[in-house]
Amino acid sequence: MASLTVLVFGATGSAGGSVLRACLDAADVREVRALTRRPLGTAHAKLREVVHDDFTDFTRVAEAFAGVDACLFCLGVSVTQVPSEAAYRAITHDITLAAARALAAQSPTAALHYISGQGTDPGGRMMWMRVKGALERQLMDEFGAVCWRPAFIDGEASDHAPWMLKVATPLLRLLKPFARLYVDGRDLGRAMLHATRTGMRRRVVENHEIRAMAASSS
Ligand SMILES: NC(=O)c1ccc[n+]([C@@H]2O[C@H](COP(=O)([O-])OP(=O)(O)OC[C@H]3O[C@@H](n4cnc5c(N)ncnc54)[C@H](OP(=O)(O)O)[C@@H]3O)[C@@H](O)[C@H]2O)c1
């Protein structure tokens with residue numbers, strides 16, 4: 001019954017690494033494409049890695065977007081990791097839109113799943129909330145995207161996680177019993193696959209819903 005082909009962004013990161021694992025483990029996923037700027041350093045029969053250097057222009061790797069059922073977009077940075085609002089926008093907004101356009105051109109019926117984050121709000125008091133809030137609206141309006149708002153993602157170990165997150169991770173794991181505050185990274189991937197199978201579109205998904213979806217899909 002293997003039938004889905006998914007394209008994962010951010011697979012070298014914490015959230016994307018977990019989502020990638022969930023996809024590789026899913027029986028009905030036939031092929032997992034990972035579009036990265038550095039090698040993943042892992043091999044799997046279902047995995048096809050595409051290493052690319054310019055994430056604002058996917059013309060040279062357009063073929064990676066073709067024949068895809070869903071794009072699981074887990075690429076992003078914390079606002080603490082960039083020097084300016086312009087740099088944050090360039091990664092959060094420009095790269096995501098470039099990928100969404102490439103997906104729509106090559107696989108017009110594919111689902112776009114975008115990880116924003118809990119607290120995302122177009123009128124929010126912090127810059128990142130507004131940038132991601134406006135982006136969510138644009139992605140839902142133009143591409144019918146599903147926007148995922150996880151709280152703390154207990155994901156794969158990541159080289160470049162903010163140091164505060166690395167230090168806080170053991171404490172944050174204590175939040176596991178709270179459905180609104182914690183999600184296992186692989187459950188996020190399972191929920192995205194569940195949403196793909198059910199044809200979900202144009203919707204915001206909060207943390208507790210991610211957990212419920214993951215539970216219903218296992
Ligand atoms: N972790 C959490 O608890 C959490 C919670 C809610 C929302 N989120 C959101 O989820 C997203 C991913 O977070 P994460 O924790 O997985 O981050 P992460 O571990 O730092 O991973 C970031 C991923 O994005 C890629 N990336 C970053 N900048 C890039 C660029 N300029 N060009 C190409 N690739 C780039 C990285 O690639 P390289 O490996 O090549 O650098 C990596 O694959 C972010 O938007 C974050 O705000 C995270």
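**Why it's called that: sheet, helices and ligand shell**

User: How do you know that strand E4 (residues 70-73) and strand E5 (residues 111-115) are paired?

Analyst: In this predicted model, 4 bridges join E4 to E5, and the two strands run parallel. Pairing takes at least two bridges, so E4 and E5 count as a pair. Phe73 stands opposite Tyr114 in E5.

User: What makes strand E3 (47-51) and strand E9 (203-206) edge strands?

Analyst: Look at the order of the open sheet: E3-E2-E1-E4-E5-E6-E9, 7 strands with parallel pairing. E3 and E9 each have a single partner strand, so one side of each is left without a neighbour in the sheet. From one strand to the next, the twist averages 20°.

User: Why is helix H5 (residues 185-197) called roughly perpendicular to helix H6 (residues 207-217)?

Analyst: Their angle is about 75°, and their axes are 8 Å apart.

User: Which residues of H5 and H6 meet?

Analyst: Among them are Leu188, Ala191 and His194 in H5, and Ile210, Met213 and Ala214 in H6. By class, this contact has 7 nonpolar, 3 polar and 3 charged residues.

User: Which residues come nearest to the ligand?

Analyst: Of the 25 residues around the ligand, those are Thr12, Gly13, Gly76, Gly117 and Ser158. Helix H1 (14-25), helix H2 (85-106) and strand E7 (152-154) each give two or more residues to the shell, and H1 gives the most, with 3. The shell has 12 nonpolar, 11 polar and 2 charged residues.

Conventions
Residues numbered from 1 in each chain as written. Predicted model: local features only at pLDDT ≥ 70, side-chain atom pairs only at ≥ 80, totals over all residues. Near = placed C-beta within 6 Å. Nonpolar A, V, L, I, M, F, W, Y, C, P; charged D, E, K, R; others polar. Axes fitted to C-alpha atoms, helices over the stretch in contact; angles between N-to-C directions. Contact = placed C-beta atoms within 7 Å.
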